Amino acid sequence: MAAETYKIFDITKIRADFPILQREIRAGVKLVYLDSTATAQKPLAVIEAMDRYYRWSNANIHRGVHTLGEEATTLYEAARQRVAKFIHACKAQEIVFTRNTTEAINLVAYSWGRSQLKAGDLIILTEMEHHSNLVPWQILAAEKGLRLEFVPVTGDGYLDLEVYDRLLEQHPRLVAFTHMSNVLGTINPVREMTEKAHRAGALVMVDGAQSVPHLHVDVQALGVDFLAFSAHKMLGPTGIGVLYARETLLEQMPPFLGGGDMIKRVELRTFTPNEIPHKFEAGTPAIAEAVGLEAAIAYLESVGMEAIEAHERGLIAYALERLAEVPGLKVYGPAANHRGGVASFVMEGVHPHDVAQILDREGIAVRAGHHCAMPLHQKLGAVATTRASFYLYNTYEEVDRLIEALHKVRAIFG
Amino acid sequence: MDDLYRELIIERYKMPHHRGILEPHDISFEDENPLCGDRIRIDLRVAEDGTITEAAFSGHGCAISQAAADLLIESILGKPIEEVKALGRQDILDLLGFEELGPVRIKCALLPLKVLKAGVYGLRHHDSEILSEES
Ligand SMILES: Cc1ncc(COP(=O)(O)O)c(C=O)c1O
């Protein structure tokens, strides 16, 4: 499979937009960044937008009438508009800014879950969830006496949809699952699963931490009720994330955190909550980060989500093919055409940490561990894995360097 | 950095001298490094006069933690148990032959000592205590 077949866009030009990719990890050893699933690198456009904001427009929002205050408010709300358009939300009010995916999921659990669910209610999750889509529900379940059931993961890394169908017969109130696994790369059939959940009378919350950065996500076409994601995994800054929720749900939900900005009126013993989405954004938010997120989306759109997806599909197909050449290497997860740009693997006789450490010597950044998915690793029968993940700035040559380095690991450990 | 995977480490990882379980034992303790799921158990047999007569480790982990466990056990055999209490971070680095280790890998290297000391004292040690301990 010739690398050229996959040329979707001018990768040299894209790479030039990311200053960090020019870095040498040691003299003469160029960085190969294969850890975008943990966090993505940032293009100059994002770094500069935040810099410009701090140099030129910095002020608090929704308060001062001065010029800076108005500029900052306009920029912050423009970011919300941009996010809404990016995921095809009907309205900007359906976009709540949070700190990250984790906080967005917690918001659903604590606001929607705590007010709407009662003892004995069922929530369906899956075995491939990130801890952030398990622990909030475990906490809520303990508090309210909820039942949790889990869609199993099959040996080849898919959700077992037959079991899912059977679980739906028990009338769950909520189904919460990841769009794309951060370990297996599996892309779950969100639309089909959502339709079925709705027919069973349940709402659907999707963890979009891995899908929104890499796929074209349309919340209306998918039909989901809640979607959570993080800016830092989609070329944006850390410190800001998004909860999308249908307007009617947000209207129904009580506030999450209390404080400034989330109120309309406060008296000593009572308060009137603000309108949505401000009702859920207590205190001074991450303003510069919203500006950075807006720039990140602009960048992603300029390249095109379809093009990014196609590029990553090519890379992962090539990577899976080449990984199969390394002796004693086991790669988890589905076939290339059902997964995003993620490959988690173990090398026989070598601990995943040691693999990652030796790759680091070669300038290659991968992650080793359980990737915040301990239950999934238990299911896979692996304490830990090493994970290589790709984004729009990765190249076929970098896959080659990964493979070469893995051969070196093999040689060191015999 | 380049000598992180020297022969000594790889050899001890692949063919440890003191791997196993002692049943019965006088002291046994087990702990894990939550970051990577590495788990180590250390069993000791101690004579009347407090001398460590037998010791073995079990569990799983990376080359650094496994080699550190093997070398640590070798170094305490025949020693009075009181001496174990005085062992610290620098002793482990010396055993492994490293001048320094990064903040992530030092936890791997110190896990066996953490387990051993917890066993000897009969309680758990926080990372921070061991990390700050100089022998
Ligand atoms: C699938 C998935 N869900 C949730 C998260 C949590 O994201 P954050 O740490 O930004 O809240 C991650 C990040 O690793 C993820 O991959």
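Start where the chains meet: select 13 residues of chain A and 12 residues of chain B, which make up the contact (two residues touch if their C-beta atoms, placed from the backbone, lie within 7 Å). This is a predicted model, where local features need pLDDT of at least 70, side-chain atom pairs count only at pLDDT 80 or more, and totals for chains, interfaces and linings use all residues. Residues are numbered from 1 along each chain as its sequence is written, while chains are lettered from A and ligands numbered from 1 in the order in which they are written.

On the chain A side, pick out α12 (352-361), β16 (367-369) and α14 (396-413), the elements that give two or more residues to the side touching chain B. (Helices, H or I of at least four residues, and strands, E of at least two, are DSSP runs numbered from the N terminus.) α12(A) gives the most, with five residues.

Next, colour the open sheet of chain A: seven strands in the order β4-β10-β9-β8-β7-β5-β6, with mixed pairing (a pair needs at least two DSSP bridges). β4 (95-98) and β6 (147-151) of chain A stand at the edges with a single partner strand each, so one side of each has no neighbour in the sheet.

Zoom in on β4(A). Four bridges join β4(A) to β10 (241-245) of chain A, and the two run antiparallel. Look for A:V96, which sits opposite A:L243 in β10(A).

Last stop, the ligand. Select the 13 residues around it; the closest are A:N100, A:T102, A:N182, A:A209 and A:S230 (near means a C-beta atom, placed from the backbone, within 6 Å).
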